[in-house]
Amino acid sequence: MSTTATTARDALTAQLERLYAIERELQSALETLSTDVSIDTLDEIRALECREQLQYVIDQHREETETHVDRIERAFDALGAEPKTRPVPALDGLLADKEAFNNVVLNDGLRPLFYIQTTLQLEAVECTAYETTMALAGALEDGEEGDETTGAGDAVVDALEHNYDDERRMRTDLEELADGEAVETLLAASPIDDAPRESLDRSRRERSHPDRHGATDP
């Protein structure tokens with residue numbers, strides 16, 4: 001096996017380990033997030049509607065995660081590697097930030113907005129990880145005839161592409177929720193004057209809604 005092929009394979013394996021860590025950690029993290037979203041004892045009807053829609057999206061994604069893990073394990077098999085995890089500080093930071101928020105912010109009018117933002121950020125981490133992994137797999141050069149790397153990149157892409165499609169659908173659902181009537185109603189009743197919508201997904205709104213940039217910071 002050439003040095004180039006070995007290096008490319010090692011890079012792909014390392015990225016696949018990060019992806020595996022993300023999906024495995026999200027199996028429990030999404031369940032916790034769904035529970036956080038469902039706590040509604042002090043909510044008015046405005047917040048309840050937003051929570052219910054967000055919880056539905058989260059639960060759908062949580063149910064898909066087990067299948068995602070199985071597909072990633074198939075990708076490891078295609079590389080002839082044992083499934084392992086590798087730390088993902090970006091994911092750990094987001095989850096820690098969400099826990100810190102839960103411990104200090106008691107205003108139920110703010111919680112659904114923060115949970116939408118957190119879930120969008122989690123999806124961004126996942127989508128980026130899939131894109132990077134599949135790009136590395138697509139760039140993996142075939143080895144000599146009979147070499148274990150031959151066709152491995154294509155097999156990894158085949159194993160992961162349906163997961164990536166699921167993640168993009170999830171992101172679309174969240175963006176539609178962030179732009180939807182339930183969030184608009186909640187923002188209108190927010191105790192924060194002129195709450196900036198950009199906090200939910202700033203870069204997307206700069207492209208799609210340039211007229212909203214006049215909101216003032218609280």
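Reader: Why is Asp59 called buried?

Author: In this predicted model, Asp59 has a relative accessible area of 18%, and buried means under 20%, exposed over 50% and partly exposed in between, with a 1.4 Å probe and protein chains only, so Asp59 counts as buried. Residues are numbered from 1 along each chain as its sequence is written. Local features need pLDDT of at least 70 and side-chain atom pairs pLDDT 80 or more, while totals for chains, interfaces and linings use all residues, and side-chain values use heavy atoms, with hydrogens and water left out.

Reader: What makes the contact of Arg62 with Asp59 a salt bridge?

Author: The closest N and O atoms of Arg62 and Asp59 are 3.4 Å apart, and a salt bridge requires a side-chain nitrogen of Lys or Arg within 4 Å of a carboxyl oxygen of Asp or Glu, so the pair qualifies. Arg62 itself, with a relative accessible area of 29%, is partly exposed.

Reader: Why are Arg168 and Asp165 said to be about one helical turn apart?

Author: Arg168 and Asp165 are three residues apart in helix α5 (residues 152-178), a separation of about one helical turn, where a helix is a DSSP run of H or I with at least four residues, numbered from the N terminus. Arg168, at 43%, is partly exposed, and Asp165, at 26%, also counts as partly exposed.

How values were computed: Helices (H or I, at least four residues) and strands (E, at least two) are DSSP runs, numbered from the N terminus.
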